[in-house]
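Please look at the model first, then read on.

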Amino acid sequence: MIPWLRHPLDPLPDTRLALPQGSDAPGLLAAGGELTPQRLAEAYSKGVFPWYSDGQPILWWSPDPRMVLFVDEFKLSRSLRKTVKRFAMDKRCEIRIDSAFRRVITACASTPRDGQAGTWIVPEMIDAYCDWHALGTVHSFETWIDGQLMGGLYGINLGRMFFGESMFSHRTDASKIATAALVCFCRSHGIDLIDCQQRTGHLASLGAREIPRSEFEALITPRIREPSITDWTYHLAMWAQLEDNNAPPQEPGP
């Protein structure tokens, strides 16, 4: 049995109470409650996130192990490096941040994925994250080509931590370009860790790896106590951050 959150002020349980590996739903922590910015802030600060489908109650998860991307471990393959360079030099192409958030999260919900039927980004969740976006906590990184939105991702910023949620692509490598832009932005703003939630082959190919939940929670605690990012302007010069993954972070240019 898992706890049911019946009251808006009911706290989330200790993550050590999440269902273990080998159970029917490993990582499931609680059910119920509401998708308010306050509840979401509590959840992410504890490494917990909502994930459920139409017809289900809100389900709260804390998987063990946890998939993360240490920014300095981002893998820029030779082919992706060439793609990024072409993109950066092409005047028809641009990276935007937060210019079309609802379109990005809606595209993440509606874009078909191999081996996946339906979506966990239900309308209630779209509205909740749009509300949280309006408060300056949730952000989208967007790949635009010829004035058309071709790919992107969205996630949450708390302190010096970015919690990735979902991505989509309507053109080859468009979501990878957005991920590379996110990595550049993070390096420029002192964010060294991106939460990826659960393992996928796509994330692993970009350098993400699994770590124990206890280690993940120990890593995010000091990071979320730092001041959150206030300037979400993307600068073309940030692409230089990808040339040397061992280079120290640089302040964004004017």
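## Salt bridges

Arginine 209 forms a salt bridge with glutamate 73, and the closest N and O atoms are 2.8 Å apart. Arginine 209 lies in strand 11 (residues 209-211), while glutamate 73 sits in the loop between strand 5 and helix 2 (78-89), so the pair ties together parts 136 residues apart in sequence. Arginine 209 is partly exposed, at 35% relative accessible area. Glutamate 73 is partly exposed too, at 31%. The model is predicted. It holds 11 salt bridges.

Another one joins aspartate 195 to arginine 66, with the closest N and O atoms 2.9 Å apart. This pair links distant parts of the chain: aspartate 195 is in strand 10 (residues 193-197), arginine 66 is in strand 5 (residues 66-70), and 129 residues separate them. Aspartate 195 is buried, with a relative accessible area of 0%. Arginine 66 is buried at 1%.

Arginine 92 and aspartate 90 also meet in a salt bridge, 2.8 Å from N to O. Shared partners join Arg39, Glu42 and Lys46 into one salt-bridge network.

## Helix 3 and helix 4

The axes of helix 3 (residues 101-110) and helix 4 (residues 123-134) come within 10 Å and cross at roughly 150°. The two helices are therefore roughly antiparallel. Their crossing is right-handed. Helix 3 contributes Phe101, Arg102, Ile105, Thr106 and Ala109 to the contact; helix 4 contributes Met125, Ile126, Asp127, Tyr129, Cys130 and His133. Of these residues, seven are nonpolar, two polar and two charged.

## Glycine 159

Glycine 159 lies in the loop between strand 8 (148-158) and strand 9 (161-169). Glycine 159 is buried, at 1% relative accessible area. Beyond its sequence neighbours up to four places away, glycine 159 touches Arg223, Ile224, Glu226, Pro227, Ser228 and Ile229.

Terms used: Residues numbered from 1 in each chain as written. Predicted model: local features only at pLDDT ≥ 70, side-chain atom pairs only at ≥ 80, totals over all residues. Heavy atoms only, no water. Axes fitted to C-alpha atoms, helices over the stretch in contact; angles between N-to-C directions. Helix = DSSP H or I, 4+ residues; strand = E, 2+ residues; numbered from the N terminus. Parallel < 35°, antiparallel > 145°, perpendicular 65-115°, else oblique. Left-handed = near helix turned anticlockwise from the far one by under 90°. Contact = heavy atoms within 4.5 Å. Nonpolar A, V, L, I, M, F, W, Y, C, P; charged D, E, K, R; others polar. Buried < 20%, exposed > 50% of the residue type's maximum accessible area, 1.4 Å probe, protein only. Salt bridge = Lys/Arg side-chain N within 4 Å of Asp/Glu carboxyl O.
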